[in-house]
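Dear colleague,

I am handing over the structure we spoke about, and below it you will find my notes on what turned up. Please read them with the structure open beside you.

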Amino acid sequence: MSSDRVIIFDTTLRDGEQSPGISLNTGEKLEIAQQLARLGVDVIEAGFPIASPGDFEAVQAIARQVEGPVIAGLARVHVGDIDAAYGAVRDAERPRIHTFVSTSDIHIQHQLASTREDVKGQARAAVAHARSLVDDVEFSPMDATRSDVEYTAEVVQIALDEGATTINIPDTVGYAMPQEYAAFLGRLYELVPGLRDAVLSVHCHDDLGLAVANSFAGLQAGARQVECAINGIGERAGNASLEEIVMLLHTRAADVAGLHTGVNTREIARTSRLISRLTGYAVQPNKAVVGRNAFAHESGIHQDGVLKERSTYEIMDATTVGLEANSLVLGKHSGRHALKSALEELGYDVSGQTLNTAFKRFKEIADKKKQVTAMDLEALVTDELRDDMRSYTLEWFDVEASTRRPPHATVELRTPDGEVARGDFTGDGPVDAIFRAINAATKREARLREFRIDSVTGGQDALGEASVVLELAGQSAAGQGVSTDIIEAAALAYVRALSNCERRVLAAADTPPVVAAEAELTPTP
Ligand code: KIV
Ligand code: ZN
């Protein structure tokens with residue numbers, strides 16, 4: 001790899017998945033990992049295998065099925081964590097164990113109740129153990145930017161002596177400023193000359209809105225790996241946004257001394273939409289690169305300029321990030337074969353019963369909507385093809401909405417055991433009534449945490465896409481629904497979120513107590 005090549009380490013499935021309310025199942029994580037591979041990231045941090053059997057299973061599935069990127073599993077400096085990470089990633093083409101321990105005095109005293117000497121010993125043992133299992137080991141001194149740089153250098157030296165191949169310097173709490181972060185890395189290079197033979201990595205949180213700026217400063221100081229997440233999701237204010245750092249290097253290529261990535265930028269928009277759908281996390285309209293308005297021009301002067309010459313007010317071409325992907329169009333006369341090849345073009349290999357389901361749904365939509373575009377298909381497959389065996393299905397609903405009487409809804413569902421369940425409710429609005437009618441039919445007290453309706457494309461006959469996040473017995477999960485009728489989309493989304501919540505409640509009840517207890521004793525990152 002050339003010395004200017006920046007390694008993109010995607011942590012959407014690990015740090016990103018730690019965002020409040022996000023909880024993805026194995027199938028969803030696998031789907032995201034396949035898309036990340038298509039996007040061309042170099043490393044996928046697939047999860048934290050010791051955290052739960054579900055995390056382990058997802059990392060293992062990704063390691064076994066996703067080709068191309070290095071697959072990393074996160075581990076604290078405990079033997080059990082490292083063994084779990086190894087067990088989960090060992091079948092990958094190129095496995096990596098990423099182990100970490102805090103080096104700031106604040107963390108060492110208050111969280112770990114330990115000493116600097118002890119932490120050094122733990123780092124040494126952890127990296128040595130990880131290296132006995134795999135060749136590719138990453139070490140992170142957590143909360144590095146609030147740590148004493150001389151002490152951090154000692155720990156980094158130990159990690160290198162034990163064979164760490166990548167050293168990552170996290171700005172765990174998003175406190176650093178760009179020049180300060182660059183100076184910290186520069187000082188580490190002075191104190192640990194051997195660091196030049198390893199890959200130096202940056203991992204910046206966005207608490208002060210500086211995650212991308214800090215990551216870029218880190219690259220200018222010599223780092224060649226950036227840890228980032230799609231749509232910038234992650235713990236608290238999130239991580240550096242992958243699409244922003246990639247497009248920064250792409251757009252300013254002439255001014256960044258050759259720094260470049262291997263990302264296929266045309267896959268960015270699609271990856272962003274997939275993450276948003278599956279996590280239930282909306283992308284803010286003015287979000288750089290992937291926001292709905294990132295390429296929209298409102299002022300007359302700007303519109304006039306762009307019509308005359310795009311570069312007057314656009315520094316990037318929307319097609320470069322894959323935003324033109326609406327050229328593929330199917331209609332109500334399109335057959336199964338056309339649908340299958342359109343889905344293949346979008347990266348979905350669909351056949352058998354799944355293709356039948358997709359085709360049935362496509363026909364329903366095509367009957368109501370003149371043209372079904374690539375964006376519609378994407379919403380449809382993301383939404384439809386994911387239903388698994390243990391799900392409720394919506395059979396039908398009636399809603400009476402009026403300004404003179406409170407709205408009333410009746411729903412009929414099929415339960416995961418195949419029984420028919422009916423419920424009704426009089427609510428504050430038609431959507432509220434239908435949601436509560438679903439609770440009544442399923443006898444569940446699910447609480448609505450988030451609800452959103454977006455249109456998939458523009459135009460009067462656009463598909464409505466609903467996203468629901470629910471909480472049930474301490475577990476939360478998201479669900480999506482797509483229809484030309486927004487009440488139906490909302491009902492489908494609610495039923496899916498409820499099914500996902502229930503699966504999660506069942507899985508949590510199956511978690512072996514030893515893992516749960518350990519996770520409580522030593523908090524996860
Ligand atoms: O923010 C952080 O310090 C982390 C580490 C586990 C790398 O996420
Ligand atoms: Zn982090």
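**Salt bridges and the sheet they touch**

Arg449 has a relative accessibility of 36% and therefore counts as partly exposed. Please keep in mind throughout that this is a predicted model. The partner of Arg449 is Glu471, with which Arg449 forms a salt bridge whose closest N and O atoms are 3.1 Å apart. Because Glu471 lies in strand 15 and Arg449 in strand 14, the pair ties together parts that are 22 residues apart in sequence. Glu471 is partly exposed as well, with a relative accessible area of 23%.

Salt bridges that share partners also join Arg273, Arg277, Glu378 and Glu465 into one network. In total, the count of salt bridges comes to 37. Among them is the one between Arg116 and Asp105, where the closest N and O atoms are 2.9 Å apart; since Arg116 lies in helix 5 (residues 116-133) and Asp105 in helix 4 (residues 105-111), this pair ties together parts that are eleven residues apart in sequence. Arg116 is partly exposed at 30% relative accessibility, and Asp105 is partly exposed with a relative accessible area of 31%. Another salt bridge is made by the side chains of Arg310 and Glu314, at 3.3 Å from N to O; here Arg310 is partly exposed at 33% relative accessibility, whereas Glu314, with a relative accessible area of 13%, is buried.

As for the sheet itself, three strands form an open, antiparallel arrangement in the order 14-15-16. Strand 14 (447-455) and strand 16 (475-483) are its edge strands, each of them pairing on one side only, and neighbouring strands are turned by 15° against each other on average, direction ignored. Strand 14 pairs with strand 15 (residues 464-472) in the antiparallel sense over eight bridges, and the bridge partner of Arg452 in strand 15 is Ser467. Helix 10 (residues 268-279) lies across strand 14, strand 15 and strand 16, and runs at about 120° to strand 16.

**The zinc site**

Which residues coordinate the zinc ion (ligand 2)? The donors are Asp15 (OD), His203 (NE2) and His205 (NE2), at 2.0 to 2.1 Å, and their spacing in sequence is D-x187-H-x1-H. Asp15 lies in the loop between strand 1 (7-10) and helix 1 (26-39), while His203 lies in strand 7 (residues 199-204), so the pair ties together parts that are 188 residues apart in sequence. Both Asp15 and His203 are buried.

How values were computed:
Residues numbered from 1 in each chain as written. Chains lettered and ligands numbered in written order. Predicted model: local features only at pLDDT ≥ 70, side-chain atom pairs only at ≥ 80, totals over all residues. Heavy atoms only, no water. Donors = N, O, S within 2.8 Å, 3.2 Å for Na, K, Ca; no water. Helix = DSSP H or I, 4+ residues; strand = E, 2+ residues; numbered from the N terminus. Buried < 20%, exposed > 50% of the residue type's maximum accessible area, 1.4 Å probe, protein only. Pairing = 2+ DSSP bridges. Axes fitted to C-alpha atoms, helices over the stretch in contact; angles between N-to-C directions. Contact = heavy atoms within 4.5 Å. Salt bridge = Lys/Arg side-chain N within 4 Å of Asp/Glu carboxyl O.
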